[in-house]
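Here is a short briefing on one protein chain. Read it alongside the sequence and the coordinates.

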Amino acid sequence: MGGKHITVVYKWTAQPGKLAELASIYERVTAAMEQNEPGAEAVHIYVSEEDNAVYVRDEFADAAAMGFHLQSTAAEHFPQLLAIATPGPFFFLGNVPPELKQATQQMQLGAEFSTHAAGFDR
């Protein structure tokens, strides 16, 4: 992964009886990202019936791609998600610029930020 790459790992906890609806919204989010966000390199959704939650891993080429996502697909679906689920925590992994940190904090995502220290890709 390049030095500009950003990974976001997060959780949405559904209200009782809303897990299927939450997963359905994320199917639409995934399709929108695949079709309209060239800087979104990967999206993976995991559903936990035990936790009544959806876990998500987003991979962005850089901060500009993540910013585009926040202003487009995320902004479009955020009200629907908030109506049926509680966000967070959100872990942003990579070099997130201050203006994007501020934007995520305004969204009250329970955001935490960390820069890359070590690792490898095969």
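His-69 sits in helix 2, residues 63-71. The model is predicted: local features need pLDDT of at least 70, side-chain atom pairs count only at pLDDT 80 or more, and totals for chains, interfaces and linings use all residues. Residues are numbered from 1 along each chain as its sequence is written, and side-chain values use heavy atoms, with hydrogens and water left out.

- His-69 counts as buried because its relative accessibility is 5%. (Buried means under 20% relative accessible area, exposed over 50%, partly exposed in between, with a 1.4 Å probe and protein chains only.)
- Leaving aside neighbours within four places in sequence, His-69 is in contact with Met-33, Glu-37, Asp-58, Phe-60, Ala-74 and Ala-75. (Contact means heavy atoms within 4.5 Å.)
- Helix 2 and helix 3 pack at about 40°, and their axes are 3 Å apart. (Axes are lines fitted to C-alpha atoms, for helices over the stretch in contact; angles run from 0 to 180 degrees between N-to-C directions.)
- Helix 2 is therefore oblique to helix 3. (Angles under 35 degrees count as roughly parallel, over 145 as roughly antiparallel, 65 to 115 as roughly perpendicular and the rest as oblique.)
- His-69, Leu-70 and Gln-71 of helix 2 meet Thr-73, Ala-74 and Ala-75 of helix 3.
- By class, this contact of helix 2 with helix 3 has 3 nonpolar, 3 polar and no charged residues. (Ala, Val, Leu, Ile, Met, Phe, Trp, Tyr, Cys and Pro count as nonpolar, Asp, Glu, Lys and Arg as charged, and the others, Gly among them, as polar.)

**Helix 1 against helix 3**

- Helix 1 (residues 19-36) packs on helix 3 (residues 73-84) at an angle of about 180°, with axes 11 Å apart.
- From helix 1, the contact uses Glu-21, Leu-22, Ile-25, Tyr-26, Arg-28, Val-29, Ala-32 and Met-33; from helix 3, it uses Thr-73, His-77, Gln-80, Leu-81 and Ile-84.
- Its residue classes are 8 nonpolar, 3 polar and 2 charged.
- Ala-32 lies in helix 1 and counts as buried, at 15% relative accessibility.
- Beyond neighbours within four places in sequence, Ala-32 is in contact with Glu-37 and Thr-73.
- Ala-32 and Leu-81 are 49 residues apart in sequence and 15 Å apart in space, C-alpha to C-alpha.

**Backbone exceptions**

- Most residues other than glycine have a negative phi, and most peptide bonds are trans.
- Gly-88 and Pro-89 are joined by a cis peptide bond, with omega about 0°. Pro-89 is in strand 4, residues 85-93.
- Asn-52 is not a glycine, yet has a positive phi of about 55°. The loop between strand 2 (40-48) and strand 3 (53-60) holds Asn-52, which counts as partly exposed at 22% relative accessibility.
- Gln-108 also has a positive phi, near 55°. Gln-108 belongs to the loop between helix 4 (98-106) and strand 5 (111-114) and counts as exposed at 66% relative accessibility.

**Whole chain**

- The chain has 4 helices and 5 strands, in the order β-α-β-β-α-α-β-α-β. (Helices, H or I of at least four residues, and strands, E of at least two, are DSSP runs numbered from the N terminus.)
- Buried residues make up 39% of the 122 residues.
- Of the contacts with a separation of 6 or more, 66% join residues 24 or more positions apart.
- The C-alpha trace spans about 40 × 30 × 25 Å along its principal axes.
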